[in-house]
Every structure is written in structure tokens, then in C-alpha cells.
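Please open the model in your viewer and keep the selection panel at hand. The tour goes from whole chains to single residues.

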There are 2 protein chains.
Amino acid sequence: MSVETYLEAHFDAALDDLKAYAAIPSVSTDPAFIDGIDKASLFLAERLTRAGFDNVERLETGGHPAVYGEILSDPALPTILVYGHYDVQPPDPLEKWLTPPFEPTLRDDRLYARGASDDKGPLLIPVLVAEAYLKTEGRLPVNLKLLVEGEEESGSPHFEATLEAYRAKFDCDLVVSADGAMWRADRPSMTVASRGNVALEVTVTGASKDLHSGRHGGSAPNPIAALAALIASLHGPDGRVTVDGFHDGTLPPDPKILAAIGAARFDAAAYYRDIGIADAPIVDGDSLLVRQWLEPTLEFNGISGGYQGRGTKTVIPASASVKITCRLVAGQKPRAVIDAIERHLTARLPTGFSIAFDSDGPGSEAFAIDPDLPALGIAEDILGELLGEKPLRVAMGATVPIGSAFSRVLGRPAIFFSFATSDEDYHAPNEFFRLSSFRTGMKAWARLLKRLGA
Amino acid sequence: MSVETYLEAHFDAALDDLKAYAAIPSVSTDPAFIDGIDKASLFLAERLTRAGFDNVERLETGGHPAVYGEILSDPALPTILVYGHYDVQPPDPLEKWLTPPFEPTLRDDRLYARGASDDKGPLLIPVLVAEAYLKTEGRLPVNLKLLVEGEEESGSPHFEATLEAYRAKFDCDLVVSADGAMWRADRPSMTVASRGNVALEVTVTGASKDLHSGRHGGSAPNPIAALAALIASLHGPDGRVTVDGFHDGTLPPDPKILAAIGAARFDAAAYYRDIGIADAPIVDGDSLLVRQWLEPTLEFNGISGGYQGRGTKTVIPASASVKITCRLVAGQKPRAVIDAIERHLTARLPTGFSIAFDSDGPGSEAFAIDPDLPALGIAEDILGELLGEKPLRVAMGATVPIGSAFSRVLGRPAIFFSFATSDEDYHAPNEFFRLSSFRTGMKAWARLLKRLGA
């Protein structure tokens, strides 16, 4: 039986594996889910062992453990290090899920669950493919190492140090990431660059306690007003970031990606319709893609302060906070970006307030792949065969913090070979993974390992 | 036994009454507390009956019931209608309470509980005084009617209609409000004016669902950014409201109150120190009091949108909201103020967003008492005797929505005779009521009823 036939014959069992894995609430950003982290890492280690991986272990990282396993076939064959993560985004707002986020549910040939698309489904694929090789051919066409971290959704704060600590263990010829989604459901793509990321929470405080807004209104400092003015100072009327020093070191974009943007014929009006907006703020599709792929951002992810319940409570709150993340382009340094924002806000703080900053991890730089890497061509060929169309080379607005880490620490290139699709709501309610992608992904990984070993 | 001696002798029982009353979570602004509303109104009705009130009933209002009772002594005596409320502010943030908000606790000669100061303690006083007159003298020196509403903390949305509906029942010569706090703990005061109030919640919506801030950052509309810019547009650099039409109809302040402000020698630096602010935004005490008492405000009471948990979640939220309340001065119309704000915000809404408004009740106009009213002089004399100092005539930054309603509907004047003090954290965690105020208040009400009847 061929590997691809074996995988097709065992698809139901593979789906059961994915359901069991996605049922585990392995949210890494919230300490309330620490049990889920433990269970998911254990589940994965056991599944690797059952698949035939050797030296399976949970690695100490200083944060949530990473899971590692390897199948070393022959020192003469190339060694591939597969990357993925077992942690998931928080599931809230819970009330917007049609079925509970950690009760995986099939609807319309899709599996709905938090983490199904990011990254539990895509990561399970190479595990299943390796198992299929062992069951059918008795060996793998490459040496395979698998490294699965538990802090990707928290910005991978211990990832680079983990690479350093286990550098010899992770030695390889090429990294293949099972994380990082395809750009569009209707057109195959290979991601060759991604933006970096930094996170910062800003808290503005006025009085030492909540005050009655009748008695104190007009005289006591209102931190919601102060925070709003600070937020409003961060972008210009054109939507670009106005922070002095924010763009320092920015490199011009790769011309090949600009060419891909031209080839993509991106429909801005359709994009805004898709996300539920009738009146497009940006009308030119090329400009829109440049903004998404090649320009840095400063986005507000959450804001809170004062009374949050129904109806009215007449308080002037003591403090108000905003959560910020920035996407970085090549050349920007995460720490310098945070420093620039902190300087900008501190300089504009009105009298009567204090300000505090809490940066969530060190952040990560942007990343770009060598366009002439042979593995990139092999991967593109396979996608062309299976999906009927040569993939576009695209940049990714989102961040895969590991991108630049592998080249910096291990000195090895990384390609993205994920079968998640960016419309699968993986940071929103009702995340899903297409079963068709699960099937195609298994075929594609089977071919990828074969041709990389050839 | 004199009435005052009786009250002193039964103080422990009075305190037990207050503890039992304040233990009932009668929050009117949140439907989750509907049981507490029911229990508190029933408790009060039963206590009135036990005190000797006649015709005690819970009145239909269209919202939470009002509680009514009367003791009619002699048609030749004047009739006093006492006003108060049995509902309380929401208790959150719960984690900031040293003891639970609905477990009344004695510390340092104070009773700590949500509602102890606003308005359960001050309202219980005239009930206890009426009972003391019946027990000692067998009759009251006036005809007494008591009207206690259950929606004051929600802006008294049904109060004026209730006055209309029961106009004959509430017929009286004078209204005395047991609600409305004394200005300072260290100096007696009589409130002769109060600001009005309107409430409005504003929600700005971008995309139809939360989006990944990596993939969509830079292109999708961010409602936190849009809301912040709208908020920042509502005040000028001097802190004054910039909304066109907001100040329409505003009347100049009463010169007697301006004179009282001069006499108060208000220490702005001490005020800011008291609320925990080192660096005073307003340095002149007179200007500060003018802002608190005599100018309209537009304050932000709560803001929310996007991820509220710990750590980071990389979303662009679908929407963000802010809760606004305005304090109004004489001449401003609540509906016109709301309309002006809605026009201002709608006109400034950027492309790609929608905006929705939710106004919480009709609001209430500002209020002022006739400075020559004889009852005002009587009340001032009694405070002078008991507190050793002639009270200041002050304005109130906060709102007692009933103020203007009584004069409009019943055509009768109202004075404020409350023994709450504005430092008693009645819209914040750890609300308390001074036992010394509870004692003094009983003496004062005993004398007030006697002299109003003379």
C-alpha cells in the first residue's frame, strides 16, 4: 500500500486524533488554562510515541514545555526539523461560538474548534505522514525532527532561548513550519515573508480610587479621556503611525513581493464586504495589500476602564488601559519600537495622571526567505500538482515569531508549509479547519518528505 | 421621656435595623439584582408599618415600585412629604471592598456597606424619629408622608410620572429630601442647588466580527482607534466641552452661590491630595468649585472593547463602547444635550464604521431652591445648634433628579436635609455611614418636625 493510500484509508482515525487533540483547552496567554497546556503537551508526546517517534520528551523552556521527537533514518539523508505549536488563542467571546470552542464539531466538511486550524490540524499532518511511512515503507525518506512549542500565541517568549539551549538536538538542514496559514482559500500560496510583532499594555491612572462623577465631575482627572487622547495621537489622518522613531531602520520591501501584489489583482471592495464593511476606507487593492503585508502597524486589541456592566454607574474610574500590538517590517527592532511608543505617550501625558507600561514578551523581528532556496521550489511544485495552480509568493501580515529565530540561532532556512487558510477564523469565534485541507495536506507532506530526501 | 432621649436609648436597635436594611442588595441599575429590589421594598414597607405609619403600600410606577406610608395627625398642621430611595449603586469592583458590600460591618464608628450612606442610613432616620414621636408623645407635630423610590441610582426614569399619577396622595406643603449628601465632613452645609444628569452609551462598530490583527492590521477599521478619536474630540485643551449646542440655554449661576464659593476658601491642592493626585490640574480653589458646582460636564464612566483578559490577544475587535454621563446646569435640556452629542459624534465618524447610541432614561434638569424659603432658615438653625457652626449654602455637583420634579409636578418647594457626607464613598468601594451622623441626624429630624409644625 502506498503512503497516500494508507493515509486515505486511515482518514477517520486521523480525524478522531484531531478531535481529541483540539478538545484540550491549551490557551497559553491565560494562566487559568495551565491544565490544558499540560494535557495538550502530554497528548502530543504520547501520540508521537505511538506514531513511532524516538526520544520523545517534553523540554524545559522556562515557560510552557516544548514537545520534541525524532525519527533518524540514515545519516546520509537530509534532516528536516518540523516546527509547530500546541497552544491556542483564548476562546472568548464565548457567547459568539455556535458550538463550544473545546467540543470539536463537524459541520459542512469542516471541523469547528479553537486551535483546529491554528495549529493543531496542520501540525498533526506531518505526524500522521511519518507514521504512514513507517507502517508502509518501514522507514522515512528523510531524517525527521519535530519541535512543537507551547507559547506561540503568547509571542514565543522562551523560544529563541530554547533553540540556543538545545542547539545540537535541533541541528538540521532545513526547517519546515507547519504553522502559518495560506493566504486565500481560493488560490494556493507560499508565504516567503512575515511581519514581526511586539505587545504593550498601557495604563493611565488619575485618582487613587473610583470617584463619584457628579461630585467630582469637571475637576477630577478622567483617565478614559486622557487615554483616548493618547490613543488618538498615535496615528495620523491617513492611518499611518506618527510615533517619532517608530519607523527607524525600516528596509524597503522585496521587489518580488511588490510584483506578487500586482499579480494578485486584489479587490479591496470585496475584502471590505467580506469583513462586513460597506464603505471601503481604502479603495485601491494594491495599496491595501502593501498596508497589510509591507507596512508596520500599531493596532489596539482591547480597551477597558470603569464600569463595564449594563446601564449606568456614575463613576470617574481610577484608571483605564489599552492593549497594543505592533506588526513590524524588516529592519525594525522590537525593543526600539516599544521605547519609541513609551516616549511618545509619556511626553503627551497631561497633568494629574500617571502612566504605566507592561510589555508582553520581547517581541520578534520580521522575517524573509531566500527566494532561490531549492526547497521553496519543491514545495511550490507540490502545491501546483495538488491544487491545480502554481502558488503565489506572498508576504504575511501576521507574525510567525520562529521565522527569524531559526536562521539567527541555527543558521538554517525555514519554509512555511501549512494547510490552514487565513479565512478559518483562527483568532476569532468559530475557528474551523477544512477537512479537504486535512486530506490534501497529508498528500502534500508525503510528497514533500519524499522529494526532500531524493 | 423626650423624643431625643428615646432615640438615644434605642440607638442599638436602630443600628440593627440599618444593618438588616443595608444587607439587601437593592441595585437598581442591573437586572441581576431584581430580587434585592423586591426584598428592600418589602423590608421598608414592613418597617414603616411597625413604626406606626398608616396606608403603607408599594406603589406601581412602571419600573421598580416606590414605597409609601403616612401619619396624618391633624388637618390644621402642615404636611411634610419626606423623599428618599431604597435602591443602591452597583457594588463592583468587588475585589476592592475590605468587607463584602452586602455584609454591613462596623469599623471605627462607621458602618461599611453599599447603600449605608446613600441612602439607607439617611432615609431610615425620619422613620425612626416618627416612631419615637408616637412612642413618647403619642402623635407627630406635623402630618408626615414618606415616599421612597427604587430607581434613583438609575436616574429616576419613572419618578415624574409617578408624582403625576398619585398627585393627590402626595399633596403637601413642603418636601424634605433625606437624600443628597452634606458637602464636607468638617463643615455643615445646606445644598440649595444641584446639577442635572443625562446618560448615553456610544458604540462604534467596524467589521462584523473580531479579526486577526496580524492578517488585517493596517487595513481593517479599528473601532478602538475610532472611538478614542471621537472621545478626544469632545473636550478642548482647557477641559471644557466642545460640542456645538451642548451649552444652549445655560443660565448664569446664582450670585449667592458664587459668594458661598468665595467664603468656602476651597484648597485645590488639598482636594487633589485627598483623591491621590500629586500634581493639581486646577490650582485655584474658586475655579475648581465653579467647575464642580456650576459648570456642565461630560464625563466618561466606562470604556470597553476587544480583549479584556490577561496577556495578549491579537484581535481587531468588531466594536468598542463608552458610557457617558453629563451633569447639567440650570437652563440645559437633557434631550437637547443628548441630541447635540449624537450630532457631534455622527458628524465625525470616519469611513468604515457605524455608530449606535443608547440613552439610559430621560435624564433630569438642574435644580435650585428659593433662597428665602422659611423652612431653609429653620433647617440651617438646627444644623447650627447641633454642629456648632452655621452651615454654608452650597451647590451640589451631583444630581438629585427629584429636585426639580417636585416643584414642576406638585408645585411645592423641596429642601435637602441629609446626614450623609460626600466623603463616604457612596459610588465607590467601601461605602460607609458615620454612626455619629446617624445619631445627630435623628436629633436634627426630631427638631425639624417640631419646628415645622409650630
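What follows is a walk along the interface of two chains.

This is a predicted model, in which local features need pLDDT of at least 70 and side-chain atom pairs count only at pLDDT 80 or more, while totals for chains, interfaces and linings use all residues. Residues are numbered from 1 along each chain as its sequence is written, chains are lettered from A and ligands numbered from 1 in the order in which they are written, and side-chain values use heavy atoms, with hydrogens and water left out.

Select chain A and chain B first: 79 residues of chain B are in contact (heavy atoms within 4.5 Å) with 80 residues of chain A. The two chains bury about 6,900 Å² between them, 53% of it on carbon and sulfur atoms, where buried area is the accessible area (1.4 Å probe) that two parts lose on being put together, summed over both.

Next, display A:D425 and B:K209, which form a salt bridge whose closest N and O atoms are 3.0 Å apart; the count between the chains is two salt bridges, the term standing for a side-chain nitrogen of Lys or Arg within 4 Å of a carboxyl oxygen of Asp or Glu.

Then select residues 297-306 in both chains, which is β11 in chain B and β11 in chain A, strands being DSSP runs of E, at least two residues long, numbered from the N terminus. These strands pair in the antiparallel sense over five bridges, pairing requiring that DSSP finds at least two bridges. Zoom in on A:G305, whose bridge partner in β11(B) is B:I303.

Terms used. Helices (H or I, at least four residues) and strands (E, at least two) are DSSP runs, numbered from the N terminus.
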